Amino acid sequence: MMQEEYPPLRPPARLLLGPGPSMVAPRVYQALAQPIVGHLDPYFFEVAEEVRKLLGYVFSTNNAFNLAISGTGSSGMEAAVANFAEPGRKFAVLVNGFFCERITEMARRQGAEVVRLEKPWGEVFDEQEAREFIRREKPRVVAYVQAETSAGAFQPGKAICEAAHEVDAVVIADCVTSLGGMPVLVDETGIDIAYSCSQKGLSCPPGLAPVTVSPRALERLRTRPAPPHSWYLDLQLLDTYYSGRKYHHTASATMLYALREALVLIREEGIEKRWDRHRRNHQAFVAGIEAMGLRMHVAEGRRLWTLNTPRVPEGVDDAKVRKRLLEEDGIEIAGGFGPLAGKVFRIGLMGASSTPENVLLILEKLERALRAEGFRPTESGRSAAEQALGAAAR
Ligand SMILES: Cc1ncc(COP(=O)(O)O)c(C=O)c1O
């Protein structure tokens, strides 16, 4: 029999400017190469305790319950839904994109009675309509997506949380695309359960879902009439593991090291400075996009700084543009899907990917790829972004 050959792994060098994963910092790669310890080793719990504190910092919360679930962002979503949805009880979702649809599906699978308020992808709910909906429905749980990656919009949450608390509901916020790149402000907003992922604003590989839970939400869990349907994602059981140091599952020390290092990098940079970096790079990118004669899908003031959704110009095939960027420049960006299929590009500037150099590079390469499809930009996007970056630095 012929011996099969397996050459050494040689992943292509990519610049990750899509909706995630983002670029991983060298120090995080070094953390990934450290020797593992067991999942009940005292050192494992030392690192878990550092992660708990650092998550409080990035989520801007004094909650004591902060941990990283073994699984991607969707495991954070499923944990939030499975622990708080109750069969036959009302679960409200504010729906303005794909990930709100996924929350809906998960809540239905838990047997909750899902009630929804809907908006087109890219729009956000104003305070009054959110309040009226919640006061009318009086649900047990309200869920919204703070940073909708399918559309590029940021949903403010203060009015949602206030109205929810008036009717004694707990609030779940999806912060998958905001954490580490935009102010998530869990306590100031009033969010009870926030979850995220490791691979976007935190610039780690995918694999962990940071979660924070408020004391009032923990009280809700303690008084649940029956345990949640999910055993693996039962937050109280996970707490007996991370705080009580009792075996629950074999969590990955490697991923915990990586997350710890990524969070320490954020601590060193300073979270406000990091938000500011994301805002400046996003604004320079938008200046470049608009100078070229393209339009942003989301209204100013509602846009994510982490994930930009410029509209695809009339007559341009977005798949061809993306293919050229990947094949010729090694740059990954994404397209729209659902109602935004073929209508927007999704260009991420998050975590280690959010740099002035990357803003200038993607504008230059995007312009070249658009020209190849027959689009004629009005002005140079790169020059406009350079000016914006220069003005921001003065
Ligand atoms: C807003 C939002 N929620 C949830 C998820 C699911 O995260 P994951 O793909 O890490 O499971 C994503 C992924 O992009 C997301 O953008």
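The legends below describe close-up views of a predicted model.

**View 1**
The shell around the ligand has 13 residues, and Thr72, Ser74, Thr149, Asp174 and Lys200 come nearest. Sorted by class, this shell has four nonpolar, six polar and three charged residues. Two helices, H3 (73-84) and H4 (98-109), each supply at least two residues of the shell. Helix H3 provides the largest share, with three residues.

**View 1. Polar atoms facing the ligand.**
The side chain of Thr72 has an N or O atom 2.6 Å from an oxygen atom of the ligand. A polar backbone atom of Gly73 lies 2.9 Å from an oxygen atom of the ligand. A nitrogen atom of the ligand is 2.7 Å from an N or O atom in the side chain of Asp174. Taken alone, the ligand exposes 390 Å², of which the protein buries 87%.

**View 2. The largest nonpolar core.**
In soluble globular proteins, nonpolar side chains tend to be buried together. In this model, the largest nonpolar core has 99 residues, and Phe84 and Phe91 have the most contacts inside it. Helix H10 (residues 253-269) gives the most to this core, namely 10 residues. Because domain 1 (26-268) and domain 2 (270-393) both give residues to the core, it lies between them.

**View 3. Gln146 and its side-chain partner.**
Gln146 is located in the loop between strand S5 (141-145) and strand S6 (147-148). The relative accessible area of Gln146 is 2%; because this is under 20%, the residue counts as buried. The side chain of Gln146 is joined to that of Ser178 by a polar contact of 2.6 Å.

**View 4. The cis peptide bond at Pro21.**
Gly20 and Pro21 are joined by a cis peptide bond, for which omega is about 5°. Pro21 belongs to the loop between strand S1 (15-16) and helix H1 (26-32).

**View 5. Lys138, a residue with positive phi.**
Lys138 is a residue other than glycine with a positive phi, near 45°. The loop that holds Lys138 runs between helix H5 (127-137) and strand S5. With a relative accessible area of 55%, Lys138 is exposed.

**View 6. Leu185, a residue with positive phi.**
For Leu185, which is also a residue other than glycine, phi is positive and near 45°. Leu185 is placed in the loop between strand S8 (170-174) and helix H7 (186-189). The relative accessibility of Leu185 is 21%; because this falls between 20% and 50%, the residue counts as partly exposed.

**View 7. His278 in helix H11.**
His278 is part of helix H11 (residues 271-291). The residue is buried, and the relative accessible area of His278 is 0%. A polar atom of the His278 side chain lies 2.8 Å from the backbone oxygen of Arg274.

Tyr257 counts as buried, at 8% relative accessibility. Between Tyr257 and Glu219 the separation is 38 residues in sequence and 31 Å in space, taken from C-alpha to C-alpha.

**View 8. Glu5 in the segment before strand S1.**
Glu5 belongs to the segment that precedes strand S1. Its relative accessible area is 73%; because this is over 50%, Glu5 is exposed. From C-alpha to C-alpha, Glu5 and Ile193 are 49 Å apart in space, and 188 residues separate them in sequence.

Met350 is found in the loop between strand S14 (345-348) and helix H13 (356-372). With a relative accessible area of 1%, Met350 is buried. Met350 and Ala284 lie 14 Å apart in space, C-alpha to C-alpha, and 66 residues apart in sequence.

Definitions and conventions
Residues numbered from 1 in each chain as written. Predicted model: local features only at pLDDT ≥ 70, side-chain atom pairs only at ≥ 80, totals over all residues. Heavy atoms only, no water. Near = heavy atom within 4 Å. Polar contact = N/O pair within 3.5 Å; in protein donor to acceptor, adjacent residues only side chain to side chain. Areas by Shrake-Rupley, 256 points an atom, 1.4 Å probe, with all protein chains shown as cover. Helix = DSSP H or I, 4+ residues; strand = E, 2+ residues; numbered from the N terminus. Nonpolar A, V, L, I, M, F, W, Y, C, P; charged D, E, K, R; others polar. Core = buried A, V, L, I, M, F, W, Y, C linked by side-chain atoms within 4.5 Å. Buried < 20%, exposed > 50% of the residue type's maximum accessible area, 1.4 Å probe, protein only. Domains from an automatic or database assignment.
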